[in-house]
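Hi,

Here is the model I promised to pass on. Have a look, and my notes follow below.

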Amino acid sequence: MERETVIITGANSGVGKAAARQIAARGHRVVLACRDPDRAERARREIGGDCRVAQLDLARRRSVHDFTDWARRALGGVDVVINNAADFDLSQTERELTPDGFEKIWFTNHLAPVLLVDRLLDLLVASPRGRIINVSSKGLLFHPFLTVNLDDPMFAKRPFSVSKAYYQSKLAQIMHARWLSRQLTGTMVTANCVNVTNVKLGTDRHPDLPLWMKRVRAVKERFAITPERMAETYVKTALDEGPRNFTGELVEHPFKVVRPPAYATDPHCVARVMDLSYKQLGVGPAVSYEDPEIG
Ligand SMILES: NC(=O)c1ccc[n+]([C@@H]2O[C@H](COP(=O)([O-])OP(=O)(O)OC[C@H]3O[C@@H](n4cnc5c(N)ncnc54)[C@H](OP(=O)(O)O)[C@@H]3O)[C@@H](O)[C@H]2O)c1
């Protein structure tokens, strides 16, 4: 296999860091795209190999622009983008806005990855085998009727719920990968989504959780898999040779293709969500072919 350049967001901890370690160990160049340069630098030293740090705060539009500008200048090419970072702190009780005025979870977990991919798309298309990996959550199983609220995805008019905001963003990420896979038909770029299961986070994450939530988390962690095990599915989806038509899929540990929620595969719903996302970002998609499923 050729040596590839792999960008992983939020790679200073958890599954992202474990994936970075596994990918670097296979001789690829890994970019740890993280909001905190010190945490990222510590991770880089631990990981070793051809691993570099770049600052990316997905809650800030300017940072996405600066990061992609840097990637163009510094990397010379991008083969894989893994949209791993996510904002999900159960201790958050109030709606928070980004400096650009977007609801923070919707922007960080969905709009920013859409923008990131969009601004790197020509580099991915130029790669002999560009791959986009979005990350969602197996917890969506507990929200079988969830949809993206097209009237109010940013909780401006309805009561804020951190869990609803998070799962809505994760549903949108399945749809984003699905949409990309259709839009990129005819290129060598594939787009898939990995559904992360219950993974050990470590007790230092989200220190502001109330005591009862910490206790629930401690019980959940007893049944959780390690970040390293989960990362194996990222790595296989991102790097292992597969058929070109392995795209638009939802994959779970241990590399098992699963059926996404029906809503997330309905081409009209997917088109509406992505249309809304691009309108909110105020940009047109970098590619727009006719969706063969809609005609
Ligand atoms: N752990 C689970 O049980 C579980 C279950 C389902 C889905 N997932 C998904 O799996 C993925 C990896 O999570 P994890 O378990 O490895 O948790 P984690 O260790 O908390 O990793 C999340 C990463 O996202 C980064 N991040 C958060 N906000 C960011 C921002 N504004 N800009 C840039 N980076 C930001 C964090 O950076 P900081 O270190 O700076 O905070 C951290 O590196 C996430 O997409 C998560 O939603 C996890």
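**Strand β5 and its neighbours**

In β6, serine 137 has valine 196 as its bridge partner. That bridge belongs to the pairing of β5 with strand β6 (residues 190-196), which is parallel and runs over seven bridges; strands count as paired if DSSP finds at least two bridges between them. Helices (H or I, at least four residues) and strands (E, at least two) are DSSP runs, numbered from the N terminus.

Before going on, a word on the source: this is a predicted model, where local features need pLDDT of at least 70 and side-chain atom pairs count only at pLDDT 80 or more, while totals for chains, interfaces and linings use all residues. Residues are numbered from 1 along each chain as its sequence is written, and side-chain values use heavy atoms, with hydrogens and water left out.

β5 (residues 131-137) also pairs with strand β4 (residues 80-83), in parallel, through four bridges; there, asparagine 83 is partnered by asparagine 134 of β5.

How much of β5 is buried? Seven of its seven residues are, buried being under 20% relative accessible area with a 1.4 Å probe, protein chains only. Arg131, Ile133, Val135 and Ser137 point one way, and Ile132, Asn134 and Ser136 the other.

Then the helices: α1 (residues 14-25) packs on α2 (residues 37-47) at about 35°, axes 10 Å apart. Axes are lines fitted to C-alpha atoms over the stretch in contact, with angles from 0 to 180 degrees between N-to-C directions. Lys17, Ala20, Arg21 and Ala24 of α1 meet Ala43, Glu46 and Ile47 of α2 (contact: heavy atoms within 4.5 Å).

Cheers

Note on methods
Buried means under 20% relative accessible area, exposed over 50%, partly exposed in between (1.4 Å probe, protein chains only).
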